Amino acid sequence: HFSQQTSEMFTSMWSSGGYGGEGDPVEYETCDAMLNNTKFIPVRLTMQQRVSQRLIASAVTISDYTDKVDSLDTVSRPEKRLHLQIRYAHGIMLGLQLAAQHNRGLRSLQPRSGFSDNATFFQSQLEFARRYKIMNPDLMRSEYPKLIYLLQDLMREQIREQFGFSFKKEIVTVGNILEAAGKTAMIADPMMKIATTPVPLLSPISRLNHALRRKDNVVKQLLHKYSSSDFPRDLCELCIRSIDDANCYVRDNAHTVDKMIEMLKRFFSPSKIDGPFSLAIDVGKDGSRLSHDHSKQYHFVLQSLTLWRNIAKDMFRLWYFAEQDMLSEVHLYELRNTGQGYQRVQPAEGLFSAMTEVVEETKQEVGEWIGSDRVHIGDNQVPNGIMLIDKYTQVNRIINPILKTIECIDKKLAKDEGQLAYIKSVFGGPEALKREILCDFFRHGFDGSGGDNMLDAGSCIDGRLTSAWNWCQNLRQRKFYPVFLLSGFSSFDGDF
């Protein structure tokens, strides 16, 4: 649930009003953005599939696969690397089979026995874990890249011949299910907006309960209308709930960036500098690698945040193309030293095209574009598509702690006499403190810093996020760092 104020900020994404199936007007804004993207929305896992997902996640967690096969020792010895890939892949797959299908696993230990007679099992196990990760970006953060790298190697011709089949399976999406069942008309049903829109936190509680009951009734009406022998009721509900899950993800992540945009507009003006709170930056000063006056930096920050919000809205489509590129059998990866260790560098044509579309849409939205519009994928800065996706799923981890600290200043710190005295003596008061924190973030979180050298940082699409992470890393050096600690901050990798 989210506040009523939150829903009002989504006028560009959420369509006003709706009806609850019986002509009753809906008291909150309904969302139809994800109904047009069902091709890219993964289907929720069933309970049994979740058991399988946890099994493979555990298997990958304890494996040191990438540590062994992507090591410096194997770079110049391809035969040894291939041997390690086959040996480790065989061990992981055999362990999965023994844990999930004990008798079949034992048969695989026998001479002349293989895995090919159980190909569907392995394909499904890997697909469950990938699908779960896409629907839950904050989970499997270390396991997922390892899993994708393992799957990349399993698709190599020499390894595929050893197993006798391909491990690749397309992600099961809502669009695929509806198309196969001949139920694509369900997407256009007006009731789907209510059924797939998260209910905001309405008050009093009776309004909230009424809205929740209405949503459940609408889902039941849809199940009655569209389920059939070829499209079971449980599968129909999974499709509806999956779209709802996708809307929850987009709402939470896009709203976080929208709140930061609102902070920028509330505390700063592009045409006026309020006292000492100028957003201007100069090359070489305080680590900056860009030079912008106050107005230019204001618009640079605004367009960067707008881009991050638009990427969050389109995350499922971007992730779809990222996986397609990573598992491509045409464009293979190259293991090479990027300056940050040995990485799998791979072209990502589909993701690059999709990202370029998002950048162009953002340009049209904000008007004049400041800085570079270059998208780094498949180079030393962003070696492959999964690394780009991972960077943008972390935006919330950057912004949420800052928003929480700003909110805590008024709600908690300013109400304590001792802490208020500290804020006044050091920063000049709560409002000045909030401006100082935001001013520092808007200046040095978007100053082109963070790269290893002058060529690896700047105003490009990737460089903007690199600068923000660099600001997070240097937070301890800021004089307002104690305020973050007083607000409950632990790290940018913790809970908010």
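A residue counts as buried when its relative accessible area is under 20% and as exposed when that area is over 50%. The model is predicted. By that cut-off, 16 of the 17 residues of helix H7 are buried, so H7 is largely enclosed by the rest of the structure. Helix H7 runs over residues 119-135, and at 1.5 Å a residue its 17 residues should span 24 Å. The end C-alpha atoms of H7 are 25 Å apart, which agrees with that span.

Aromatic pairs come next. A search of the whole structure finds 24 of these pairs. Two of them are set out in the table; ring planes over 60 degrees apart count as edge-to-face.

| Pair | Distance between ring centres | Angle between planes | Class |
|---|---|---|---|
| Phe121 and Phe122 | 5.1 Å | 70° | edge-to-face |
| Trp471 and Phe492 | 6.4 Å | 70° | edge-to-face |

The pair of Trp471 and Phe492 links distant parts of the chain, 21 residues apart. Trp471 belongs to helix H21 (residues 461-473), whereas Phe492 lies in the segment after helix H22 (481-486).

Are the residues of these pairs buried or exposed? Phe121 and Phe122 are both buried. Trp471 has a relative accessibility of 1% and therefore counts as buried. Phe492, with a relative accessible area of 8%, is buried too.

Trp471 and Phe492 also belong to one aromatic cluster, whose members include Phe268, Trp308, Phe441, Phe442 and Phe446. Phe480, Tyr481, Phe484 and Phe489 are likewise part of that cluster.

Terms used
Residues numbered from 1 in each chain as written. Predicted model: local features only at pLDDT ≥ 70, side-chain atom pairs only at ≥ 80, totals over all residues. Heavy atoms only, no water. Helix = DSSP H or I, 4+ residues; strand = E, 2+ residues; numbered from the N terminus. Expected span 1.5 Å × (residues − 1). Buried < 20%, exposed > 50% of the residue type's maximum accessible area, 1.4 Å probe, protein only. Phe/Tyr/Trp six-rings, centres within 6.5 Å; stacked < 30°, edge-to-face > 60°.
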